[in-house]
Amino acid sequence: MTFNDIFKSDFLSSTSLSSFSVLDTLLAFCLSFVLGLFIFLIYKKTYKGVMYSASFGASLIAMSMITTLVILAVTSNIVLSLGMVGALSIVRFRTAIKEPMDIAFLFWSIASGIVLGAGLIPLAIIGSVIIGIIMLIFANFKTVGAVPYILIVSCAYKSEPYVLNIIKNGTLRHLLKSKTVTANGLELTYEVKLRDKEAHAVNKLMSVEGVTNAVLVSYNGEYMS
């Protein structure tokens, strides 16, 4: 078959009637909804960001079902698949992805829809279960051990050695993130891992002469190596 045959009327008429099965379509949509719901639950369980977006979690379910719909249409009609490629090529997404892991969940949802639309049901189910287990393992693994914090201390110039000594003795690890020098004193910002949950080191800082303020904030960023 040549390229000119594609545009002949007999070819277009033969492909306009697609092989459409209602049962297969309903089965694919039900499975895409179940897998999308599974992805949503894994996302909600492993989310470590500051502000959880319920709309993004719901969009994972919709993304899986919409992708299944597109793949079912593409695989059932050659002419429609050519038009679908051109239509999807002009789509642009402007929403900013704030969390890096959100990209992985988006691709996971799209991939499950593609595989289900192609009829590879065992691959979609087994692959999603394996990915979900890996996500849960690594999400829980990251929280093992001491939790990192950001410690902000405002003090006089002469109090800096005493502050540093208390931070060294009262934390497992410490890393100076910033140091602001003003006419009234210093503002030190440390990334720390505390030895105890009660944060006694912060209380000791306030007993040092020259320390005017000490703030301890939970840190949701990357762990120190």
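## Model and confidence

This is a predicted model, in which local features need pLDDT of at least 70, side-chain atom pairs count only at pLDDT 80 or more, and totals for chains, interfaces and linings use all residues. Residues are numbered from 1 along each chain as its sequence is written, and side-chain values use heavy atoms, with hydrogens and water left out.

The mean pLDDT (the predictor's confidence in each residue, from 0 to 100) of the chain is 77, and 72% of its residues reach 70 or more.

## Secondary structure

The chain has nine helices and four strands, taken as DSSP runs numbered from the N terminus (helices: H or I, at least four residues; strands: E, at least two). Their order from the N terminus is α-α-α-α-α-α-α-β-α-β-β-α-β.

Thr46 lies in helix H3 (residues 22–46). Thr46 counts as buried because its relative accessibility is 11%, and buried means under 20% relative accessible area, against over 50% for exposed and in between for partly exposed (1.4 Å probe, protein chains only).

Leaving aside neighbours within four places in sequence, Thr46 is in contact (heavy atoms within 4.5 Å) with Phe105, Met135, Leu136 and Ala139. The side chain of Thr46 also reaches the backbone oxygen of Ile42 at 2.7 Å.

Key. Polar contact = N/O pair within 3.5 Å; in protein donor to acceptor, adjacent residues only side chain to side chain.
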